[in-house]
Amino acid sequence: MAEASNQPHESLQSVVLRGPNQTSRYADITALSSRFAGSINEIIESLGEITVIVKREGLLELLIYLRDEPSLYFNFLSDVSGVDLGEFATPRFAVAYHLYSLKHNHRLRLKVLLEENDAQVPTVSGIWKSANWMEREVYDLFGVDFINHPDLRRILMPADYEGFPLRKDFPVRGY
Amino acid sequence: MVSTKEIEVPTTSVKTLGKRDPLGDQRMTISLGPQHPSTHGVLRVEVELDGEVVVAARPDIGYLHTGMEKTMETQKWQQVVTITCRMDYLNSMGNDLGYVLAVEKLLGVEATPRTQILRVMLTELNRLASHLVWWGTHVMDIGAMSPFFYAFVQREKILDMFECVSGARLHQSYFRIGGLMADIPDTFLPLLKDFVAQFPDFLKMAGKLVTGNKIFQSRTKGIGVISAEDALQWGLTGPSLRGSGVAWDIRKTEPYSGYETYDFEVPIEKDGDIWARYLVRMREMVESLSIIQQTIDRLPEGPIQSDHPKLKLPERDLMKEHIDVMIHHFLLASEGFTVPIGEVYFPIESARGELGYYIVSDGTERPWRVRVKAPSFLNLQALPKMSEGYLLADLIGIIGSIDIVLGDIDR
């Protein structure tokens, strides 16, 4: 058993040295930060993934640019999802957009941070039609309002339901 | 509270269904489902008809919503695997794989070679099982009863193999973060080899029974057409997108679990109709079988559990000698492990399309947020676009051709 007792120590080092397993490619957006300096708050790179924190006001302009610029060409909206950052957190909500480009095979994540008393963000369903249902789901489960959305109704919960289940202050079990 | 809009009631409510428009318009609105076998679960579609022609189709979902994303936030990292496989219950191995890979990326862990190959083997086997259910039910919707039984004979063999490795037939929870539940038993590989040997005969018979059938072809060719641009706009992924001529398979573009080392083709059809989507899935079964054969040929011996100290329980003998090892085991078993703060989006190619896990970790032993980007959800969203202008009977075929699973949509 002497051999085995040495092993955990060795393997810990190999884990640290190996680093994260990077499978996805993320887009090169170095040019973006100067062009949209006014609407980008922060660019975070971690685990091989790039997150752009965007101001709500500049979101649509930036997304249209990302879709149409030939060197980026994000023609596919993978996901729109909400995150509740905590019951007492400010800002309270994040809406994350995951973009993908079939032409260049790269991805990008954009995040808009929202205050609890002002949880609304312009809809992107005019840019990618697929956003329609995904935004309805975020509205349904988080209560984030999507301005100018063509059909903002509850989608998973019943139409007369009160409350937003994925918020952190929503109880997991009853009394 | 947030200033949210008042909840709008749908324009066509259940009360007005079936009533003719008083202004003399011959349009009629009917409710298809939710309890209808051809809706593949609990899907309701509000169909507006002009005679027999579909003018508008509005899917109504949520009947199977059980708040799985919320439940995941209350479970420990390792326990979430039991929930992921219950979402898309026809492709549970694939759903587990996506979650496990996402958490492994957060942890910076890579599975051992044997585990990676076993994962690919079982995921492809599950893809076959999923496509078999699709084939049987889709063809039955269109009017052929007997193919369903042939498909389920084959699927039964796959489920028996899953039972052999994990003890469960549908919700296996066999993939764990950092490894597998256990190594495969000795009886598994002979079963798998027998299955692989006889499966081409089934595909040949399926070709004779359905693919070459003129009635089936005339029911599917030119029906439910969606162009490549529309398909991308509406977020279609997987075989449904490849039926419109778009070459995108995440196993090729962003390979995971060593898919880049396998030799397989991605079937593409250009027409964008039911027939094209049918052919893509039929040819995918051949490719999946080829991948399974390759995994059998290269399966190495070796450990299945990654050496990461957080993920591997200590050796029994060491625990008896060292108090710190004992404490480590106790904490791992009772409290679980923590995952570093961070967020990750991990897409994989499930049997239905791009299945993405967006996981946010706050550094505790439970996930802060697990968002599942379900392929069926977006595939169903494109249904109105595909079905408008076709007959009501064609709508049934179109629903079958996008291969939705309502457990995946509602979660």
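Of the 175 residues that make up chain A, 38% count as buried, a residue being buried if 20 or more other C-beta atoms lie within 10 Å of its own, exposed if 12 or fewer do, and partly exposed in between, with C-beta atoms placed from the backbone. The structure is a predicted model, in which local features need pLDDT of at least 70 and side-chain atom pairs count only at pLDDT 80 or more, whereas totals for chains, interfaces and linings use all residues. Residues are numbered from 1 along each chain as its sequence is written, while chains are lettered from A and ligands numbered from 1 in the order in which they are written.

The secondary structure of chain A comprises 4 helices and 7 strands, where helices (H or I, at least four residues) and strands (E, at least two) are DSSP runs numbered from the N terminus. Along the sequence of chain A, these elements follow the pattern α-α-β-β-α-β-β-β-β-α-β. Among the contacts in chain A with a separation of 6 or more, 51% are accounted for by residues 24 or more positions apart, two residues being in contact if their C-beta atoms, placed from the backbone, lie within 7 Å.

Chain A contains an open sheet of 5 strands in the order 1-2-5-4-3, with mixed pairing; two strands pair if DSSP finds at least two bridges between them. Strand 1 (40-46) and strand 3 (76-84) of chain A stand at the edges of this sheet with a single partner strand each, so one side of each is left without a neighbour in the sheet. From one strand to the next, the twist averages 20 degrees, with axes taken as lines fitted to C-alpha atoms (for helices over the stretch in contact) and angles running from 0 to 180 degrees between N-to-C directions. Helix 4 (residues 131-142) of chain A packs on the sheet and touches strand 3 and strand 4 of chain A, its direction making about 5 degrees with that of strand 3 of chain A. Strand 3 and strand 4 (residues 93-101) of chain A run antiparallel and are joined by 8 bridges; within this pairing, A:V80 stands opposite A:Y97, and A:S81 has A:A96 as its bridge partner. In strand 3 of chain A, 9 of the 9 residues are buried, so this strand is largely enclosed by the rest of the structure.

In chain B, strand 1 (residues 27-32) is joined to strand 2 (residues 44-50) by 6 bridges in an antiparallel arrangement, with B:M28 opposite B:L49. Strand 2 of chain B also pairs with strand 3 (residues 53-60) of chain B, in the antiparallel sense and over 7 bridges, and here B:A57 is the bridge partner of B:V47. Strand 2 and strand 3 of chain B form a hairpin with 2 residues between them, and B:G51 in the turn has a positive phi of about 70 degrees.

An open sheet of 3 strands in chain B has the order 6-7-8 and antiparallel pairing. Strand 6 (342-349) and strand 8 (369-373) of chain B are at its edges, each with a single partner strand, so one side of each lacks a neighbour in the sheet. Neighbouring strands of this sheet are turned by 10 degrees against each other on average, direction ignored. Helix 3 (residues 92-107) of chain B packs on the sheet, where it touches strand 6 and strand 7 of chain B, and its direction makes about 145 degrees with that of strand 6 of chain B. Strand 6 of chain B is joined to strand 7 (residues 354-361) of chain B by 8 bridges, and B:E343 stands opposite B:V360.

Helix packing in chain B was also examined. Helix 11 (residues 274-298) and helix 16 (residues 392-401) of chain B pack at an angle of about 30 degrees, with their axes 10 Å apart. Helix 11 and helix 16 of chain B are therefore roughly parallel to each other, since angles under 35 degrees count as roughly parallel, over 145 as roughly antiparallel, 65 to 115 as roughly perpendicular and the rest as oblique. Their contact is made by B:I274, B:R277 and B:Y278 of helix 11 and B:G397, B:I398 and B:S401 of helix 16. The axes of helix 4 (residues 113-142) and helix 16 of chain B come within 9 Å and cross at roughly 175 degrees, and these two helices are therefore roughly antiparallel to each other.
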